[in-house]
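Thanks for coming. I will go through one model today, and I will keep it short.

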Amino acid sequence: MQAVLLTRYGAPSTLSLQTIARPELRPNDLLVRLRAAALNPIDLKLRQGYLRLLIRNRLPHVLGLDGAGDVVAVGKKVRDFQVGDAVFFSPDHKRFGSYAQYIAVDQRFVARKPENLDYRQAASLPLCALTAHDALAVTADLRGKRVLLNVGSGGVGTLAIQLAKQRGANVTASCSTRTRSLVERLGADTLFDYRTDTLDNHPPFDLAIDMLGHPARRALFKRINRGGAIASLVSGVPEAVERTGLYRGTLSAIAGLVADWWRARRRGIRFHNVVRKADGRTLAKIAELAAREQLKPVIDRVFPLAEVAEAHAYLQSGRAQGKVLLEIP
Ligand SMILES: NC(=O)c1ccc[n+]([C@@H]2O[C@H](COP(=O)([O-])OP(=O)(O)OC[C@H]3O[C@@H](n4cnc5c(N)ncnc54)[C@H](OP(=O)(O)O)[C@@H]3O)[C@@H](O)[C@H]2O)c1
């Protein structure tokens, strides 16, 4: 099969399209013929080797934590899926590889593709929708609560706006003049132009979803109501590793998260470092929302698999509005 292999850590050019053997099927696996895969910022960090103390995966390996395609074989313990099912999925960090024509993925991480979505749209959802779901779940009842998304226009933010509105929250989403109309269209109640506005101009929030990390995260602590929460999606590990090296950087980022937990506690708020949970059951609920058009995919660009280096460079520019996808031949 054709697959994009990461053979050494580094720039986007380290990714190369190669012909390799199809993955082997374990008893709980589905073998999926992929049609589309999505890029995520974590792919860039894995490519650069910044997470290699935390996510151990021997080189060479295939990147990719989001995909959609058709089941072509099932392991002997699989009961809920069969050959021919159209599915979408986000595997966990232990075994991934959706930048390829085939992937073996544990059935626990898979759900049926909503019929109204094409493969690209379906592949754009899993990791970001699960992340948005897990971050919003930090607050049990969001009805009438003020929620801040400090990035409204990226892969996670565009879905988090929609999911938070569904759960009855009042949503403030950060954007720029370039992304304003997208964020408005997705249903944000208040727009926060991060280039010109300041959080002090807004009433405090009950929940902030932090997608920027430090230094922006520091300003959030003062703007959360007592009893409220910060759900941060950013560990700070890649940035710290870049600054001070693999071991020191990884440890200092973890120490920084503990410090933020204490800082929050002293202010009577909660701090959670959210790492999305790969979960096919939650994904099935996301599929239902998408089927009812209550959750709409937002796709920025689609690149052919062979242009994966360009796709990585584009996502790395930090300017994508919604998702960047790979079309699998
Ligand atoms: N913990 C987890 O499980 C998990 C899962 C998924 C993602 N994440 C993390 O969550 C973060 C967001 O991911 P993503 O996929 O949504 O990112 P993304 O798609 O790469 O975000 C791109 C968007 O960010 C906007 N942006 C850039 N700088 C900004 C700023 N200072 N303030 C507000 N908006 C800004 C850009 O709009 P402009 O062009 O207008 O600036 C662009 O539309 C990343 O750090 C990612 O690593 C964590």
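Predicted model: local features only at pLDDT ≥ 70, side-chain atom pairs only at ≥ 80, totals over all residues.

Residues are numbered from 1 along each chain as its sequence is written.

The chain is divided into domain 1 (2-126 + 278-327) and domain 2 (139-273), with bounds from an automatic or database domain assignment. Their centres, taken over C-alpha atoms, are separated by 26 Å. In domain 1, 15 residues are in contact with 16 residues of domain 2; contact means C-beta atoms, placed from the backbone, within 7 Å.

Now the ligand. Where does the shell around the ligand lie? Both domains give residues to that shell, so it lies between them. There are 31 residues around the ligand, where near means a C-beta atom, placed from the backbone, within 6 Å. Pro41, Ser153, Gly154, Gly155 and Ser176 come nearest.

Last, helix α10, residues 308-316. Helices are DSSP runs (H or I, at least four residues) and strands likewise (E, at least two), numbered from the N terminus. The buried residues of α10 are Val308, Ala311, His312 and Leu315; buried means 20 or more other C-beta atoms, placed from the backbone, within 10 Å of a residue's own. They cover an arc of only 100 degrees around the axis, which puts them on the same side of α10; the arc is that of the directions from the helix axis to the C-beta atoms. Among what covers them are β1 (2-6) and β16 (323-327).

Note on methods:
Buried ≥ 20, exposed ≤ 12 C-beta atoms within 10 Å, placed from the backbone. Contact = placed C-beta atoms within 7 Å.
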